[in-house]
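Hi,

Here is the structure I said I would pass on. Have a look first, and my notes follow below.

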Amino acid sequence: MYPRAIENYFAPTDVAEVLTLLQQHGEQAKLLAGGQSLMPLMKLRLAEPQTIIDLNQVAALDDIREENGRLHIGALARHADVATHPLILQSYPLLADAARNIGDPQIRNRGTIAGSLVHADPSADYPPAVMALDGQLVVAKADGGTRTVALDDFLAGPLMSDIGEDELVTRIEIPVPAARSGGAYAKHSQVAGDFAIISVAAHITLDPSGICQQASIVVGGVMPKPGRAGQAAGLLQGKALDAPLLTQAGEAAAEEVETEDDVRASAAYRSQLIRVTVPEVVRQASTRAGE
Amino acid sequence: MASANAWVGQSIKRKEDRRLLVGDGQYLPDIVLPRMVVMGFVRSIYAHAKITAIDTAQAAALPGVRTVLTGADVKHLGSVLSDMSTPNLPGETKRPIFWPLSIDEVKYVGDPLAVVVARDKYTLEDALELVDVEYDPLDIVLDPEHALQPDAPRLYPDWGDNVLYHQHIPAGDPDAAFAQADLVVKERFRCHRTGGQPMETRGCLAMYNPGEGLTLWLTTQRPHIKRHLLAEYLNIPHSQMRVIMPKDMGGAFGTKAPLYREELLACHLAMKLRRPVKWVENRQESLMNVGQGRDQIHELELAVKKDGTIIGLRDRILADCGDARTAIYVGFAMPFLGAMYLINGYDIPNVDIDLTCVVTNKACLTPSRAFGSFAGRFALDRAVELAARALDMDPVEIRLKNAIKTFPHVSAVGVHVDSGDFPGSFAKACAALDYDNFRKEQSEAWQNGRYLGVGFSMGVEISGVPSEVLVPMERQPGFGVATVQFDAHGKVQVAEGDSPHGQGHETTIAQVVADELGLSPEDIYVTYGDTHSGPFAAGTIGSRGASYTLSAAVLAARALRPKMANIAAHLLHIEAGEDDFVFRDGYAILIRDESQRVPIAKIAEVALLSPTELPPGMEAGLEHTSHFEAETAGMHSCNVHAAQVEVFPETGEYKIVRYVAVDDAGQPINPMVVRGQIHGGVAMGIGNACMEEFIYDENGQQLTTTLLDYHIPSSLDLPHIETIEHNVPSPHTPLGSKGKGEGTPGMVPAAVANALEDALQPLGVKITDLPLTPERIWKLIQAAQSKE
């Protein structure tokens, strides 16, 4: 439970410096943000980086604001900040729900949104929530350029994401929801704050008469990464979200999202949780959309 | 005459808490000695394998590494278990031969096979990775029923089978009882592997010099017992062996009662290297090696008359003891006591209990709060529930019909129960739950598609174990002991031989001694943990604090009063004895003329600082040691717990809406401390019953070696725990007090399971296995529905 010695520790103060360091040390370096995944991995010696680049001194990487029709969340925004930020509570409650479900207060005070997304644990809370909101990651490259990638594409598999050795996620962007939109997130776990057995994030936009215009439903706790319940969401579009339809959506989601057995739960139980939880979460999302 | 202060019964704040809350606690890892080195283990990655080669050269060559030893290097120390460190129980016992490090063969994942000593923990872990071990895997046995098969792989080939211990406990005429029964309930119950996981892991620090000998700071519940076992094993004079439990220890829950192989090695290495050697177990090692308890299968039958009277019980118990290589308890002492306590609060006259303890390729069972009886309590209180249902009888009624009614009571298998009141406890539990109305609410809920249920359990919990039982069983005394000693300034030191670590002794002993001597708890300080400064005692185990140790403190304090009165009379120039004085508010006060009084501080000053003022011929000093032994073969606390739940059948998830614990502390010394014990016990019981499980895969790899996977509940996962006192003072302790630490978790699994099954009555679900995970409940519902 004591990490292997590291050769270098850097604490750069701006993004350009981080990128330069990544260029020099990328292959052997790990970025330290909140450390909530990296430090346990290092203590277990599952990660043995030679170089640590500590991001905590980098200025302005933790901003949360709306700009040009998009919500910008700085890479270093802590879970506790996301869970309590007035703008997020007001317009993106789904995200606050997810942040509030992560770990315990100590973890939420240190852990960061970009750290969680790059770590790509399929049972973590953020990925399904950010996917349901069609979130994208803005990635700075060592050559000075940036690229923007949808989280759907960024997540490659369990603990695998599309990040280069010389790249840094600088922020998360989420489109400002249309009027009459709402989202919700729910998790089933064995104890509070644990990783999900199944989690469900849903984001719904209604028209003035209450008909569903747009829906996205994402299921976490499945392999190799959170799964979109596209058919379930499709069922909702253009319809009033009554109870039979929601039940149908739950069935469809349970059918289309593949589940696996692991130490936490069986595949069959996971499917059942999807079946039961999708209607509940969609109902809550649509209630919020109507408010 | 007794003192007139009444600190007993008051919920004063704990003396311990200030230092603990502000970070001034003094734990084992805080102790740092000059020239200290640290120790760590190479542990088996196979559940069962021959060790074909160990290459330690690279590790030994790493700068900062002091030594690397393997099993061959410690074989000369001899096998760990002696007569002193093996339970001496009736029945057939086999004793594994093993060394502090495994030699040639490993028997579970985590089995220590080499030890590295280094200058710091970082170097240590680097070196551990450099030890190269070659294994030749062997067939494994993980399931206790498989272990009994003739063709099962053997852990100890010379045994001829995998049976560690077997005991048949008959009483009365069970065959006749079953022949006369109107109803026989027969069910198989399985309790999984779960137990205790203290916040502070194990650890020790050994220091040696040839003059004084060996000093071992150790996270232990039993410093004196460890001392004599260590001296025996290390072959050093008892006078050269000192064990100290640090001032504070982050919990134990039974896991720090055994003698462990790692502790022996720390001592050996300190002697060999002439340097202080420290070991602090990490969480993975802890989850791999200790706290694994319970793990029993019960095939239980009840013979019941149609009026609900239980006239007979048969139980075939199979306990999975793991590798059985932990001294003192050896994996089978817990199931044995569980079998003896199986019938518990029920008065069942005809009994046939057959206990088989087997070894498997898993970690050895260690004690966990509710010592051995968690599984049996679940099985019996579930079976009683099934009987009630079969007879269409109320679950409270059937329990009252069969509960022990007259005290003292001796159970069919010989357990002495001194005092209790089950009808009174049930009445309070039912009143708290508004039980009669609840049944109406439940019917209405069922009609509305909601599933509410209530479940009860009852228990007789150990309140210390007397010498009469412990001496033959474990070669150790059960008495409580305390030395009460005035200092020269009128303050009182109480030295005990136990090692409290959360039980609140510093507060509760201060309260009782304050009352006996007319002082305030502020005036009393309690010391413990060091075998060289406290009296010999069995340790902090089995709820013996409030029953035995505290009673000894009361008696020792009382024994000082005649001398105090004599000194006071002398100072007042009057003729008077103990009965003429009351000790109150810091004074010895003459009863017939309260203006005649002497400060107790003055009495102490005369006894110690200015003995020239003592009555002529009186010996200086003011101290006494008492050994308290209850005049009974068993003291117990009789309790009733009830859980009320709502189940959500679509997912099997449920909410414990209420948890009511009606508990008997005899005479609570500090009701807040008692409540704390019950809260902690219920929390542990809920964790064990509902969430926690040590899981091994088919290769014997433990999958739950981090707290991410071994799910201990937090406050967010627990219901509000309602505690209700129903105290029946023990006739055998000076204050009537009873121990409350040990038994509580054992009350929980049946209460919750009975409530879940009650809620799901319309769906026809029967619960026989733990843990009560939502998935298990959901599967039971699915199975019941597919049957329809």
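**What I found**

The buried residues of α1(A) pack against β1 (8-10), β2 (29-32), β3 (51-54), β6 (136-141) and β10 (167-175) of chain A. Before going on, please keep in mind that this is a predicted model.

Which residues of that helix are the buried ones? In α1 of chain A, which spans residues 15-25, they are Val18(A), Leu19(A), Leu21(A), Leu22(A) and His25(A). They sit on the same side of α1(A), because the arc they cover around the axis is only 160°. On the face of α1(A) turned away from the buried side you will find the exposed residues Ala16(A), Gln23(A) and Gln24(A). The N-terminal end of α1(A) is capped by Asp14(A), with a side-chain oxygen 3.2 Å from the backbone nitrogen of Ala16(A).

Staying in chain A, have a look at strand β11 (residues 181-188) too. Seven of its eight residues are buried, so β11(A) is mostly covered. β11(A) pairs with β12(A) (residues 198-206) over eight bridges, in the antiparallel sense. One pair to click on is Lys187(A), whose bridge partner in β12(A) is Ser199(A).

Now chain B, starting with the seven-stranded sheet. This sheet is open, its pairing is mixed, and the strand order is β3-β6-β1-β13-β10-β11-β12 (chain B). β3 (65-70) and β12 (241-244) of chain B are the edge strands; each has a single partner strand, so one side of each is left without a neighbour in the sheet. On average, neighbouring strands here are turned by 20° against each other, direction ignored. Val65(B) stands opposite Ala118(B) in β6(B).

Helix α7(B) (residues 223-234) touches β11 (213-218) and β12 of chain B, and its direction makes about 145° with that of β12(B). Helix α8(B) (residues 261-273) touches β1 (37-43), β3, β6, β10 (203-209), β11, β12 and β13 (277-280) of chain B, and its direction makes about 30° with that of β10(B).

There is also a four-stranded open sheet in chain B, with the order β19-β27-β28-β29 and mixed pairing. β19 (451-462) and β29 (721-725) of chain B stand at the edges with a single partner strand each, so each has one side without a neighbour in the sheet. The twist averages 20° from one strand to the next. β28(B) (residues 653-663) and β29(B) run parallel and are joined by five bridges. Within that pairing, Val660(B) stands opposite Glu722(B) in β29(B).

One residue I would zoom in on is Asp354(B), which lies in strand β16(B) (residues 350-358). Is Asp354(B) buried or exposed? Its relative accessible area is 13%, so Asp354(B) counts as buried, the cut-off being under 20%. Leaving out residues up to four places away in sequence, Asp354(B) touches His166(B), Gln167(B), His168(B), Asp315(B), Arg316(B) and Ile317(B).

Lastly, the domains. Chain B is divided into domain 1 (17-24 + 479-628) and domain 2 (293-466 + 632-787). The centres of these two domains of chain B, taken over C-alpha atoms, are separated by 40 Å. Their contact takes 19 residues from domain 1 of chain B and 21 residues from domain 2 of chain B.

Cheers

Notes
Residues are numbered from 1 along each chain as its sequence is written. Chains are lettered from A and ligands numbered from 1 in the order in which they are written. This is a predicted model: local features need pLDDT of at least 70, side-chain atom pairs count only at pLDDT 80 or more; totals for chains, interfaces and linings use all residues. Side-chain values use heavy atoms; hydrogens and water are left out. Two strands pair if DSSP finds at least two bridges between them. Helices (H or I, at least four residues) and strands (E, at least two) are DSSP runs, numbered from the N terminus. Axes are lines fitted to C-alpha atoms, for helices over the stretch in contact, and angles run from 0 to 180 degrees between N-to-C directions. Contact means heavy atoms within 4.5 Å. Buried means under 20% relative accessible area, exposed over 50%, partly exposed in between (1.4 Å probe, protein chains only). The arc is that of the directions from the helix axis to the C-beta atoms. A polar contact is a pair of N or O atoms within 3.5 Å; within protein, one must be able to donate a hydrogen and the other to accept it, and residues adjacent in sequence count only if both atoms are side-chain atoms. Domain bounds come from an automatic or database domain assignment.
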